Amino acid sequence: MTGLQSSLERFRGWFISDCLPFWAARGMDLETGGFYEALHFDGSPATRRPQRVRTLFRQVHTLTQAGLRGWIEHADVIASRGFDYLLQHLSNE
């Protein structure tokens, strides 16, 4: 295995085992249904940032793909809630 392949495997393992579950558990704003733009180093949400549509689309897409691949349990529920929030707020503007 080359150095690049090894690095990609380490990244993939970190992404699936650590990053995705972390964001799935802490990245959704349970009050609004949207997603936080950022989290502080302690994992708490950075709540004073505006929510961008790009972040909402990215989180919905990422969670949908993770769910389809079986990487995160209940990813479809989280993605669906985010997508519903997105549709609700886009149609009101």
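Tutor: A salt bridge is taken here as a side-chain nitrogen of Lys or Arg within 4 Å of a carboxyl oxygen of Asp or Glu. The model is a predicted one, in which local features need pLDDT of at least 70 and side-chain atom pairs count only at pLDDT 80 or more, while totals for chains, interfaces and linings use all residues. Residues are numbered from 1 along each chain as its sequence is written, and side-chain values use heavy atoms, with hydrogens and water left out.

Student: How many salt bridges does the structure hold?

Tutor: With that cut-off for nitrogen and oxygen applied, Arg52 forms a salt bridge with Glu37. The count for the structure is one.

Student: How far apart are the closest N and O atoms of Arg52 and Glu37?

Tutor: The pair links distant parts of the chain, since Arg52 and Glu37, each in the loop between H1 and H2, are 15 residues apart. In the salt bridge of Arg52 with Glu37, the distance between the closest N and O atoms is 2.7 Å.

Student: Is Glu37 buried or exposed?

Tutor: Buried means under 20% relative accessible area, exposed means over 50%, and partly exposed lies in between, with a 1.4 Å probe and protein chains only. Arg52, at 35% relative accessibility, therefore counts as partly exposed. Glu37 has a relative accessibility of 15%, so Glu37 counts as buried.

Student: Which helices make up the pattern of the chain, and how many are there?

Tutor: Helices (H or I, at least four residues) and strands (E, at least two) are DSSP runs, numbered from the N terminus. Read along the sequence, the pattern of the protein chain is α-α-α. The secondary structure comes to zero strands and three helices.

Student: At what angle do helix H1 and helix H2 pack, and is the arrangement parallel or oblique?

Tutor: Axes are lines fitted to C-alpha atoms, for helices over the stretch in contact, and angles run from 0 to 180 degrees between N-to-C directions. Helix H1 (residues 3-26) and helix H2 (residues 53-68) have their axes 12 Å apart and pack at an angle of about 130°. Angles under 35 degrees count as roughly parallel, over 145 as roughly antiparallel, 65 to 115 as roughly perpendicular and the rest as oblique. With that angle, H1 is therefore oblique to H2.

Student: How many nonpolar residues are in the contact of H1 with H2?

Tutor: Ala, Val, Leu, Ile, Met, Phe, Trp, Tyr, Cys and Pro count as nonpolar, Asp, Glu, Lys and Arg as charged, and the others, Gly among them, as polar. The contact of H1 with H2 has no charged residues and two polar ones, and the number of nonpolar residues is six.

Student: Which residues does Gln59 contact, leaving aside its neighbours within four places in sequence?

Tutor: Gln59 has its place in helix H2, and because its relative accessible area is 13%, Gln59 is buried. Leaving aside those neighbours, the contacts of Gln59 are with Trp23 and Phe35.

Student: How far apart in space are Gln51 and Glu37, C-alpha to C-alpha?

Tutor: Gln51 is placed in the loop between H1 and H2, and at 30% relative accessibility Gln51 counts as partly exposed. Leaving aside neighbours within four places in sequence, Gln51 is in contact with several residues, among them Asp29, Thr32, Tyr36 and Glu37. Although Gln51 and Glu37 are 14 residues apart in sequence, their C-alpha separation in space is 6.0 Å.

Student: What is the phi of His74?

Tutor: Most residues other than glycine have a negative phi. His74 has its place in the loop between H2 and helix H3 (75-91). Although His74 is not a glycine, its phi is positive, at about 65°.

Conventions. Contact = heavy atoms within 4.5 Å.
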